[in-house]
Amino acid sequence: MLNLFGEGLATAFFPCTLVLAVPGLAVTLAGRRFAGATLGAFLAALILGSWLRFAGWIDVMPSLITGAGLLLAAALVTRGDGDRSLVMRAIAGVGAGVATGSLWRPCVGIEFGEVLTNLDTAGPVGLVQMIVYTVGVTAPLIALAGASHAAPSTWSDRIGPALGWFGGGVLALLGLAVIAGLDERVINRLFQLSSF
Amino acid sequence: MSRSRFAAVSVAVFFGGAVTLFQLRDTDSTATVEVAGTSADENAAQDEPVSAPTTTAPLETAPENLGPVPELVQLDGWLQTDGDSFDTVKGEVTIVQFWTYGCYNCTNTLPHLQEIYANHKDDGLEIIGVHSPEFEREEDPVGIQEAADRLGVSWPIALDTQKKNFRSWQGARRFWPRTFIIDQNGDIRFDKIGEGKYQEIEATVAYLLENGA
């Protein structure tokens with residue numbers, strides 16, 4: 001399990017992780033003082049969706065549904081703080097997580113390759129392995145959520161709305177690109193920008 | 001210690017520990033492949049960079065039969081072979097790998113396949129690399145040929161530009177790379193997603209070449 005986590009962590013900054021990192025970063029930033037809960041909801045939906053897809057029980061979702069998930073998330077994270085902010089951000093996290101689970105093409109190294117090879121027969125153990133690997137891959141986002149929680153509230157209050165609009169904008173652009181059938185090009189461009 | 005400092009230190013310790021563990025992972029590998037004539041240490045070393053060619057002993061027992069191999073259909077051409085269909089390797093032990101040259105994990109497998117090919121080509125092993133591009137920029141046959149030359153891919157390459165075989169062979173579980181071993185009867189005897197298990201691949205090949213299907 002440590003090897004699996006380490007492999008996930010090592011791929012956190014690889015091009016293959018950008019498809020996951022961009023919406024993940026957007027929901028985390030836009031989650032503001034609920035960044036942890038927003039990212040938690042995002043990861044839960046991402047892991048569950050990816051597990052079902054990688055095990056072969058579901059296929060890639062239609063572009064319309066994937067794009068709608070991202071647009072829903074965009075709409076919810078741009079709302080200002082209020083009584084139901086936590087619930088709204090959690091729903092946004094789930095929407096973005098489900099959509100990202102359909103877009104993600106992971107790096108398949110030694111450890112994760114072994115997990116994927118046996119995922120259709122591994123049952124709950126496979127889900128646990130998916131959690132361990134994905135936590136490794138998203139460790140920078142988890143650290144960011146932790147840092148935003150630790151940040152002084154005056155600081156987060158000042159830039160919070162801007163972060164909400166920024167994150168929402170990124171999610172909306174990605175959602176529109178998916179609906180327009182441009183997701184392949186967007187992913188390709190992200191790969192090219194991050195290849196070194 | 002303030003809350004923010006505690007968080008920063010925790011994150012630093014977390015990352016430092018994780019990276020250290022990852023760096024050390026080769027020394028405490030938990031590979032559990034049951035391969036005849038190999039020790040745990042040899043198994044642990046299976047994923048290290050290829051150096052001098054070595055030959056792995058065959059498996060002790062027959063590898064599981066995973067069913068008949070699908071045909072390679074509606075290909076967009078071949079590179080590095082005079083053959084124009086899968087029929088040319090029927091009856092031979094064949095490694096079929098779905099790959100694309102822009103895929104980091106795919107290129108990591110190639111030195112290991114080269115070693116296995118060098119060890120068993122004269123015994124009758126064939127390899128077919130089914131090139132299924134992930135992105136548009138990987139579709140050009142000229143680029144594929146240049147990449148094959150650069151990466152040392154010397155075996156036939158089937159061009160699966162439309163990814164029809166990538167989908168039909170892998171169903172809903174589609175990944176790069178994916179490696180199959182086909183026996184002399186046209187049945188799949190090994191199936192692996194991603195990198196690794198090179199020693200098991202070679203042991204399976206050796207078993208099939210020595211004992212037949």
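Residues are numbered from 1 along each chain as its sequence is written, and chains are lettered from A, with ligands numbered from 1, in the order in which they are written. In this predicted model, local features need pLDDT of at least 70 and side-chain atom pairs count only at pLDDT 80 or more, while totals for chains, interfaces and linings use all residues; side-chain values use heavy atoms, with hydrogens and water left out.

**Chain B**

Chain B contains 6 helices and 6 strands; helices (H or I, at least four residues) and strands (E, at least two) are DSSP runs, numbered from the N terminus. From the N terminus on, their order is α-α-β-β-α-β-α-β-α-β-β-α. Of the 213 residues in chain B, 49% are buried. Buried means under 20% relative accessible area, exposed over 50%, and partly exposed in between (1.4 Å probe, protein chains only).

**The interface**

The size of an interface is often given as the accessible area lost when the parts come together. Here the buried area is about 2900 Å², and carbon and sulfur atoms give 59% of this area; the value is the accessible area (1.4 Å probe) that two parts lose on being put together, summed over both. Chain B brings 33 residues to the contact and chain A brings 40 residues, where contact means heavy atoms within 4.5 Å.

Across this interface there are 10 residue pairs in polar contact, both residues being at pLDDT 80 or more. A polar contact is a pair of N or O atoms within 3.5 Å; within protein, one must be able to donate a hydrogen and the other to accept it, and residues adjacent in sequence count only if both atoms are side-chain atoms. On the side of chain B that touches chain A, helix H1 (3–24), helix H3 (104–120) and strand E6 (188–193) each supply at least two residues. H1(B) gives the most to this side, with 10 residues.

**Salt bridges**

Side chains of opposite charge can pair when their charged atoms come close. A salt bridge is a side-chain nitrogen of Lys or Arg within 4 Å of a carboxyl oxygen of Asp or Glu. The whole structure has 9 salt bridges over all chains, and the interface of chain B and chain A has 5. Some of the pairs are listed below.

| Pair | N to O distance |
|---|---|
| B:Glu134 and A:Arg105 | 3.3 Å |
| A:Arg105 and A:Glu184 | 2.2 Å |
| A:Glu114 and B:Lys192 | 3.8 Å |
| B:Arg178 and B:Asp191 | 2.8 Å |

A:Glu114 lies in helix H6 of chain A and B:Lys192 in strand E6 of chain B, so this pair joins two chains. A:Glu114 is partly exposed, at 25% relative accessibility, whereas B:Lys192 is buried, at 3%.

**Around B:Lys192**

A polar atom of the B:Lys192 side chain lies 2.9 Å from the backbone oxygen of B:Glu195. Not counting residues up to four places away in sequence, B:Lys192 touches residues including A:Ile110, A:Gly113 and A:Thr117. A:Thr117 lies in helix H6 (residues 110–122) of chain A and counts as buried, at 15% relative accessibility. The side chain of A:Thr117 reaches the backbone oxygen of A:Gly113 at 2.7 Å.
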